[in-house]
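Open the model in your viewer and keep the selection tool ready. We will go stop by stop.

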2 protein chains.
Amino acid sequence: MRLYVTPASPWVRRVRVTILELGIEDRFEFVQTRWPHSWGTQTVASLAPDFLAATPVARIPALVAPGVTLTDSNAICDYLNAEFGAFRLLAREGTARWQALATIAIASGIIEAQIMRRAELLRGEKERSTDFIAKMRDRQFRCFAALEAHLPAFGGTFDLAQITTAVACGYDEWRYGPDWRNAAPKLAAWYDSVADRPSLKATAPAETPQH
Amino acid sequence: MRLYVTPASPWVRRVRVTILELGIEDRFEFVQTRWPHSWGTQTVASLAPDFLAATPVARIPALVAPGVTLTDSNAICDYLNAEFGAFRLLAREGTARWQALATIAIASGIIEAQIMRRAELLRGEKERSTDFIAKMRDRQFRCFAALEAHLPAFGGTFDLAQITTAVACGYDEWRYGPDWRNAAPKLAAWYDSVADRPSLKATAPAETPQH
């Protein structure tokens with residue numbers, strides 16, 4: 001299978017951590033993509049033809065697997081968990097699945113806000129909205145605080161709910177600093193307790209190559 | 001169950017169509033939410049406390065069901081399809097599920113672009129990026145064109161892949177006019193063939209109440 005990646009994207013990281021937790025990394029070719037900082041506002045003209053053929057959305061991650069091409073991390077994780085994980089990282093159905101999806105939806109809300117805030121920060125000063133940046137920060141902090149209520153349901157498996165939550169914490173820490181910890185001190189303590197997992201260490205965020 | 005809605009949101013429409021296709025509308029209380037046009041850039045201060053308690057993301061749709069609260073349309077549709085639809089609108093696993101998720105990911109890419117373009121158009125002129133609007137339009141048209149290749153896999157059931165695709169078509173037509181049809185004439189013909197379904201007629205987009 002071929003997975004298009006960058007080292008900065010939390011959506012990519014979520015998939016890479018899932019792959020490492022399932023122990024199936026040898027089945028993948030990881031293809032690096034490059035993004036000029038103009039991606040925040042402009043259609044990127046320099047994307048490789050094979051990447052554009054894989055995803056009309058033109059976003060990472062994208063997975064090209066036998067018989068199917070999937071262009072968002074939710075679909076990719078659902079697929080990998082079912083086909084290669086025997087539903088170990090996300091229950092196939094029932095209360096356990098819905099509780100996990102509830103957590104994942106809030107953590108995904110954080111990740112979306114993180115990316116939109118990043119895109120806003122990459123705008124030229126004239127088109128940059130400080131209101132919008134504050135709106136995204138508000139959402140991030142509200143969602144981090146809300147995730148504290150989900151901690152008691154976290155079980156012994158580092159599953160998709162925990163993976164997505166840890167990736168949201170890790171991106172905030174990397175890109176925006178430790179402020180999020182004030183919004184969610186118990187969550188921060190949980191994050192510190194899992195941050196040394198090999199799957200997280202191996203996928204620590206780094207700046208995306210621009211050229 | 002309680003579902004927070006607006007008449008403009010394609011994400012809400014996707015859930016409402018799913019509910020109508022499953023024939024379970026009598027199980028829901030639909031709660032109207034109101035959004036001043038400043039939602040594009042500002043944290044909305046006037047949201048009702050029960051809505052904010054239901055979703056820290058502060059976006060619609062949000063579903064409050066017995067034992068679980070779900071704050072995005074993917075999670076909500078997955079839940080309704082499993083618990084009330086016996087997996088009729090989306091296969092539980094296997095190739096049929098992955099093919100449907102591939103279509104849904106691209107249609108969702110369109111819907112995200114539609115909403116971000118709308119938020120951009122609601123900005124004050126000074127902070128509005130014509131580049132960003134063009135980037136979103138490019139993505140919408142690329143994805144509509146790509147969906148034409150998925151049409152042969154559309155089966156006899158108006159399932160989640162078809163629902164999400166129809167909602168993406170309907171929103172573009174309503175908000176941005178018929179231009180999308182030029183990008184995807186075969187898809188437009190398909191859309192015209194399903195547009196009279198009662199579930200789509202009953203959920204035609206309309207402007208969201210601001211106050």
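A helix axis here is a line fitted to C-alpha atoms over the stretch in contact, and the angle between two axes, from 0 to 180 degrees, is taken between their N-to-C directions. Keep in mind that this is a predicted model.

**Stop 1**

Now show side chains. Which residues of α4(A) meet α3(B)? They are Trp98(A), Leu101(A) and Ala105(A). Across from them, in α3(B), are Ala75(B), Asp78(B) and Tyr79(B). Colour this contact by class: it has 5 nonpolar residues, no polar ones and 1 charged.

**Stop 1: the whole contact between the chains**

How many residues of chain A are in contact with chain B? There are 40, and they are in contact with 40 residues of chain B. On the side of chain A, the elements that give two or more residues are β4 (68-70), α3 (73-85), α4 and α5 (130-147). By class, the residues on this side of chain A divide into 17 nonpolar, 12 polar and 11 charged.

**Stop 2: chain A as a whole**

Chain A has 9 helices and 4 strands. Trace the elements from the N terminus: β-α-β-α-β-β-α-α-α-α-α-α-α. The radius of gyration of chain A is 17 Å, close to the 17 Å that the globule rule gives for 211 residues, so chain A is as compact as a globular protein of that length. Along its principal axes, the C-alpha trace spans about 45 × 45 × 30 Å.

Colour chain A by burial. Buried residues make up 46% of its 211 residues. Now turn to contacts in chain A with a separation of 6 or more: 76% of them are between residues 24 or more positions apart.

**Stop 3: the sheet of chain A**

Select the strands. They form an open sheet of 4 strands in the order β2-β1-β3-β4, with mixed pairing. Which strands stand at the edges? They are β2 (29-32) and β4 of chain A. Each has a single partner strand, so one side of each is left without a neighbour in the sheet. From one strand to the next, the twist averages 15°.

Go through the pairs:

- Strand β1(A), residues 2-5, pairs with β2(A) in the parallel sense over 4 bridges. In β2(A), Phe30(A) is the bridge partner of Leu3(A).
- β1(A) and strand β3(A), residues 62-65, run antiparallel and are joined by 3 bridges. Click Leu3(A) again: in β3(A), its bridge partner is Leu63(A).
- β3(A) and β4(A) also run antiparallel, with 3 bridges joining them. Here Ala65(A) stands opposite Val68(A) in β4(A).

Zoom in on the hairpin of β3(A) and β4(A), where 2 residues lie between the strands. Gly67(A) takes a positive phi near 85° in this hairpin.

**Stop 4: a loop glycine in chain B**

Bring chain B back and select Gly156(B). This glycine is found in the loop between α5 (130-147) and α6 (160-176) of chain B. Is Gly156(B) buried or exposed? Gly156(B) is exposed, because it has 5 other C-beta atoms within 10 Å, and 12 or fewer counts as exposed.

Last, draw a distance line from Gly156(B) to Met136(B). They are 20 residues apart along the chain, and their C-alpha atoms are separated by 32 Å.

Key:
Residues numbered from 1 in each chain as written. Chains lettered and ligands numbered in written order. Predicted model: local features only at pLDDT ≥ 70, side-chain atom pairs only at ≥ 80, totals over all residues. Contact = placed C-beta atoms within 7 Å. Nonpolar A, V, L, I, M, F, W, Y, C, P; charged D, E, K, R; others polar. Buried ≥ 20, exposed ≤ 12 C-beta atoms within 10 Å, placed from the backbone. Pairing = 2+ DSSP bridges. Rg over C-alpha atoms; globule rule 2.2 N^0.38 Å.
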